[in-house]
Amino acid sequence: MKRRIITRISLLSILWLIFASGVLSAQNRRIQTMEDLFAKYEQTKGVGYISISPSLLKLAKAADSKELDEVFNSIVSLKILNMDITPDLESLANRIRQDVQNLVKQQSYEEIVKMKDGDSNFVIYLSRNKDKNSKQLEALLMIANDESELVLIGISGRITQKVIDAILDGKIGIIP
């Protein structure tokens, strides 16, 4: 009887250790993609999250603009994280900034626009298609922050020059 109880306790302890290590590794996993970055923080207290589906993007397009129609048809995903930086959330904002920098370095994102105005910073990074012969981009990652707010915007899909131009010209109203 004692042997059976010890065996059960040992098995439960092993199962608990396996479960606990799985939970911890999921929380501390390395961010490999832009999707991982947004998934890591989307449920975090103090962080606002918006994910806009391609269907909604197509509904939002201008009815008479073939150029914008092409732009919206090429976007697969649009995600936004937003947070007000308060003293108790400063460390979270720093972790998000660090995760962005790690992703940019790991995945060889290229900085294409960098703006600084007073204490406000805005940077756009792009990721090229893995096919070296392709001129298409697969993702745009934008980060805007100052002392009081942090905004992270991710766009994935078939990113063409028309998409970039529409963003920079304000035709897609996401630049803060």
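Mentor: Residues are numbered from 1 along each chain as its sequence is written, and side-chain values use heavy atoms, with hydrogens and water left out. Because the model is predicted, local features need pLDDT of at least 70 and side-chain atom pairs count only at pLDDT 80 or more, while totals for chains, interfaces and linings use all residues.

Trainee: What makes up the secondary structure of the chain?

Mentor: There are six helices and six strands. Helices (H or I, at least four residues) and strands (E, at least two) are DSSP runs, numbered from the N terminus. Along the sequence the pattern reads α-α-β-α-α-β-α-β-β-β-β-α.

Trainee: Why is methionine 34 called buried?

Mentor: Buried means under 20% relative accessible area, exposed means over 50%, and partly exposed lies in between (1.4 Å probe, protein chains only). Methionine 34 has 6% relative accessibility, so methionine 34 counts as buried. Of the 176 residues of the chain, 35% count as buried.

Trainee: Why is serine 108 called exposed?

Mentor: Serine 108 has a relative accessible area of 59%, and therefore it is exposed. Serine 108 is placed in the loop between helix H5 (90-106) and strand E3 (110-117). Its phi is near 55°, a positive value in a residue other than glycine.

Trainee: How do you know that the buried residues of helix H2 line one face?

Mentor: In helix H2 (residues 34-41), the buried residues are Met34, Leu37, Phe38 and Tyr41. Seen down the axis of H2, these buried residues fall within an arc of 90°, so they line one face of the helix. The arc is that of the directions from the helix axis to the C-beta atoms.

Trainee: With which residues is methionine 34 in contact, leaving aside its neighbours within four places in sequence?

Mentor: Contact means heavy atoms within 4.5 Å. On that basis, methionine 34 is in contact with Leu103, Tyr109, Ala139, Leu140, Leu141, Gly154, Ile155 and Ser156. Methionine 34 and leucine 140 are 106 residues apart along the chain, and their C-alpha atoms are separated by 9.1 Å. For the chain, among contacts between residues at least 6 apart in sequence, 56% join residues at least 24 apart.

Trainee: What makes strand E6 largely enclosed by the rest of the structure?

Mentor: Strand E6 (residues 149-159) has 11 residues, and nine of them are buried, so E6 is largely enclosed by the rest of the structure. For E2, seven of the 10 residues are buried, so E2 is also largely enclosed by the rest of the structure. Isoleucine 75 is placed in strand E2; its relative accessible area is 4%, so it is buried.

Trainee: How do you know that E2 and E6 pair?

Mentor: Two strands pair if DSSP finds at least two bridges between them. Strand E2 (residues 75-84) and E6 have nine bridges, in the antiparallel sense. In E6, leucine 150 is the bridge partner of methionine 83, and isoleucine 155 stands opposite leucine 78.

Trainee: What makes a space in the structure a cavity?

Mentor: On a 1 Å grid over the protein atoms alone, a cavity is a set of points where a 1.4 Å probe fits but cannot get out; lining residues have an atom within 4 Å of a point. Grid points are joined across faces, edges and corners, and a volume is the space filled by probe spheres set on the points. The structure holds one cavity of 30 Å³ or more, and the largest cavity contains about 30 Å³ of space. Its lining consists of Val47, Leu81, Asn82, Met83, Ile96, Leu150 and Leu152. E2 and E6 are the elements that give two or more residues to this lining, and E2 gives the most, with three residues.

Technical notes: 1 Å grid on protein atoms, 1.4 Å probe; cavity = no way out; pocket = protein on both sides within 12 Å on 5 of 7 lines; lining within 4 Å.
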